[in-house]
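Subject: Structure for you to look at

Hello,

Here is the structure I said I would pass on. Please open it first, then read my notes below.

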Amino acid sequence: MTTQPLGARSPLGQGAFKLDYPMSLGVFETYPEAQKAVDYLSDNGFPVQNVLIVGTDLKQVERVTGRLTRSRVMMGGALSGAWLGAFVGLIFSLFEEGETLLRILSTVVFGAIFGLVWSLVGYALTKGQRDFTSVSQVVATRYEVLTEHKFVQQGRELLAKMDPMKAAQAAVAEAQARAYAEAHAAQTGPVGAPAAPVPPAPLPPSPSQPSETPHSAPPAGPSA
């Protein structure tokens with residue numbers, strides 16, 4: 001899995017991320033593969049301003065970088081506070097007269113003490129439930145290249161020339177999916193068609209009512 005850092009916001013706003021009836025040109029496992037495909041389209045005169053690269057199947061990945069102890073917390077807090085103190089002392093020395101070095105050293109010491117105390121307070125609030133350091137980011141497992149419907153045929157033809165084997169495999173998979181859908185539709189019938197009416201089962205005669213079976217006629221007697 002790879003990630004692509006977010007760039008600056010587009011001056012076009014949210015409308016820049018919309019296409020008219022977008023269709024897929026291909027699905028890629030990594031962002032460099034999708035970027036290579038778009039670069040190939042651009043080199044061959046394809047209107048790439050009508051292309052989107054969409055990361056799908058988003059996941060959050062957290063990488064543990066080390067164990068967090070009280071001493072590491074104190075050291076990190078003191079260092080960050082010292083840097084902040086040095087910056088504040090340097091700013092003050094630009095606008096005030098006097099011992100510049102002494103002023104900077106004093107702000108560094110006060111900043112280190114403040115950072116140490118602040119980091120210990122934050123560490124105590126976790127109550128030992130997160131004794132490790134980590135970095136996390138949201139990544140995509142697949143990247144799909146989309147374009148507007150009126151350019152999809154041209155884009156697919158160009159990508160087929162870039163990687164003929166992958167294009168053939170995609171065509172076979174698409175044909176298999178279409179055949180499966182047609183076979184399933186033939187078995188189930190058209191969607192929305194009314195079902196054939198089922199005749200109701202005959203009810204048994206009620207025991208409280210006599211049977212309506214017609215009696216047979218008596219045999220005819222001898223004629224006179």
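Residues 73-95 are 100% helix and 0% strand, with 34 Å between the end C-alpha atoms. Helices here are DSSP runs of H or I with at least four residues, strands are runs of E with at least two, and both are numbered from the N terminus. Residues 101-125 are also 100% helix and 0% strand, and their end C-alpha atoms are 36 Å apart. An unreviewed UniProt entry lists both spans, 73-95 and 101-125, under "transmembrane region"; such annotations may be inferred rather than shown by experiment.

The model is predicted: local features need pLDDT of at least 70, and side-chain atom pairs count only at pLDDT 80 or more, while totals for chains, interfaces and linings use all residues. Residues are numbered from 1 along each chain as its sequence is written, and side-chain values use heavy atoms, without hydrogens and water.

There are 3 aromatic pairs, counted when ring centres of Phe, Tyr or Trp (its six-membered ring) lie within 6.5 Å; planes under 30 degrees apart are stacked, over 60 edge-to-face, the rest tilted. One of them is Tyr 31 with Tyr 143, edge-to-face at 5.6 Å and 75°. Tyr 31 is in helix H1 and Tyr 143 in strand S3, 112 residues apart. Both tyrosines are buried (under 20% relative accessible area; exposed is over 50%, partly exposed in between, with a 1.4 Å probe and protein chains only).

Phe 114 and Trp 118 are stacked, because their ring centres are 6.1 Å apart and their planes at 15°. These two residues are 4 apart in helix H3, so about one helical turn separates them. Phe 114 and Trp 118 are both exposed.

Regards
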